[in-house]
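Visitor: I am new to this structure. Please pick one part, go through it closely, and then show me what surrounds it.

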Amino acid sequence: MGLHLGLIGHPISHSLSPWIHNQLLKESLLDGDYRLIDFHSTDLSKEHITQLKNMNLHGFNVTVPYKEKIIPFLDDLDNEAKIMEAVNTVVVKQGKWIGYNTDGRGYLRSLNESYPEIMNDKTISILIIGAGGAAKGIYHSLVASGFINIDIANRTPKNAEQIALLKNNKTKTSCYAINEAEMLIENYSIIIQTTSVGMKPKEDGIIMNVDNIKPNTIVSDIVYQPLMTTFLKQAKKKGALLHPGHTMLLYQAQYAFEIWSGYNVNTSRIKARLQRKLEGNGNANR
Ligand code: ATR
């Protein structure tokens, strides 16, 4: 019996999820398929849900604009999804729909894999730029992992304050406007860019000037198209250690796949292929 999977969202025609999940199916030697389900609507109606139920999927991913809108149609929510009030993965278990959010976990795994030493000092100063869904997941995962100094900078500081509500009694978080954080940038050991600024086709976009970072600051950008964003290029010139966005994409997918299939797939080959694909180098399926 194959594993029938999919992605709901709009628009999704350029999504890399089918490619990644087909790779995960191949590596796990499981039969299955992963289809794109675009409802061509910003709302999610009962009719859409009926259509989805009739597809008899084992699970599906949820992306913009349905990550919050799917919640009323679910039977249960995992704790992380409950806290984030957003779902990116649904598993169908004995007819019941259960929602998860694997974004934050995926990010943390990718950061830990590239820079494991950061886990030794939970007091380092971290700056998250942006206050959307991705920022929320990342903030929550950092808090849950024990980091205690996490600031947030956003165009609209009020949105950053909403995210800071997820702190626990040990976390210290200040919220800033982008230009305020720019002036404090040398204080941070990790800077995490979570907005869509710099994404193709507007590659020149840069959310914040990082000329004054200290050398060896870890600079993450969750944008993966292009893989080397203008933000990362500028940080590199100042001696930063770079953390591009493709591994977060891969690991949020891997966690979703594990929830659906029970398989913890070794992703090292897929990671190399994904990097080649995003860099436009050679045959990505090799
Ligand atoms: P996601 O859920 O994928 O994280 P989102 O919810 O649309 O995406 O979040 C977008 C984030 O990027 C927000 O923090 C947004 O800032 P506001 O809260 O002020 O809206 C930020 N953002 C998007 N475009 C931006 C731009 N051109 N300049 C600055 N910030 C931007």
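**A parallel sheet and its surroundings**

Guide: Strand β8 (residues 149–153) and β9 run parallel and are joined by 2 bridges. The model is a predicted one, in which local features need pLDDT of at least 70 and side-chain atom pairs count only at pLDDT 80 or more, while totals for chains, interfaces and linings use all residues. Residue numbers start from 1 along each chain as its sequence is written, and side-chain values use heavy atoms, with hydrogens and water left out. Strands (E, at least two residues) and helices (H or I, at least four) are DSSP runs numbered from the N terminus, and two strands pair if DSSP finds at least two bridges between them.

Pro-226 is in the loop between β11 and α8 (230–237); Gln-225 and Pro-226 are joined by a cis peptide bond with omega of about 5 degrees.

Next comes the ligand. A residue counts as near a molecule if one of its heavy atoms lies within 4 Å of it. The residues around the ligand include Gly-130, Asn-154, Arg-155, Thr-195 and Ile-207. By class, this shell has 4 nonpolar, 7 polar and 1 charged residues. Here Ala, Val, Leu, Ile, Met, Phe, Trp, Tyr, Cys and Pro count as nonpolar, Asp, Glu, Lys and Arg as charged, and the others, Gly among them, as polar.

One lies 2.7 Å from a backbone N or O atom of Ala-131, one is 2.9 Å from a polar backbone atom of Gly-133, and one is 2.4 Å from an N or O atom in the side chain of Thr-156. On its own the ligand has 640 Å² of accessible area (Shrake-Rupley method, 1.4 Å probe), and the protein covers 61% of that area.

For comparison, a second open sheet has 6 strands in the order β2-β1-β3-β5-β6-β4, with mixed pairing. Its edges are β2 (32–38) and β4 (76–77), each with a single partner strand, so one side of each is left without a neighbour in the sheet. Within this sheet, β5 (residues 89–93) and β6 (residues 96–100) pair in the antiparallel sense over 5 bridges; Thr-89 has Tyr-100 as its bridge partner in β6.

Note on methods. A polar contact is a pair of N or O atoms within 3.5 Å; within protein, one must be able to donate a hydrogen and the other to accept it, and residues adjacent in sequence count only if both atoms are side-chain atoms.
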